[in-house]
Amino acid sequence: MDFDAEIKQHLLWRSMVESLFNKNSAEFALPSAISNDHHCQLGKWIYSHESEIYADKHCFNQLREAHKEFHSRAGLILTLFRQGEVDKAQAHEPEFYLLSDDVVKCLEELKAQ
C-alpha cells in the first residue's frame, strides 16, 4: 500500500466536493456514486484482502469509519447542492473537513506502523 498516494487521491476527492463551495457546481458526480465508500481506490483497498494485515489496528478501524462517513457526507452535500439547498449543504462543510482530516491522519498513522 502506498499511503502517500492514497492521501493524495483522497485529497482529490475532497477537492471535488470543495469545488461545490467554490464554484457552486454540482455536475461532477452522481450522489449515489460519491456516497459509496467502495468506489474509490482507498475504499477498494479497505474492503480488500490486502488490508487484512491492519484489521487489528485501532487506526485502521477508525480509517474505515471516517472514510465511510466522509463519502456519506460528500454524497449528502452533493444531493443538497443539486436540490438547490446550498445553505444546508454548506452547514455540513465543517464536519466534511473534519472527516477528511481524520482519513488523512489515519493513513499517516498506518504508514508509520
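**Basis.** I note that this is a predicted model, in which local features need pLDDT of at least 70 and side-chain atom pairs count only at pLDDT 80 or more, while totals for chains, interfaces and linings use all residues. Residues are numbered from 1 along each chain as its sequence is written, and side-chain values use heavy atoms, without hydrogens and water.

**Fold.** I find 6 helices and 0 strands in the protein chain (DSSP runs, H or I of at least four residues for helices, E of at least two for strands, numbered from the N terminus). The C-alpha trace spans about 45 × 20 × 20 Å along its principal axes.

I recorded 41% of the 113 residues as buried (under 20% relative accessible area, 1.4 Å probe, protein chains only). For contacts (heavy atoms within 4.5 Å) between residues at least 6 apart in sequence, 71% join residues at least 24 apart.

**Arg 14.** I then turned to Arg 14, which lies in helix α1 (residues 3–23). Arg 14 counts as buried because its relative accessibility is 16%. Beyond its neighbours within four places in sequence, Arg 14 is in contact with Phe 70, Phe 96, Tyr 97, Ser 100 and Asp 101.

Technical notes: Buried means under 20% relative accessible area, exposed over 50%, partly exposed in between (1.4 Å probe, protein chains only).
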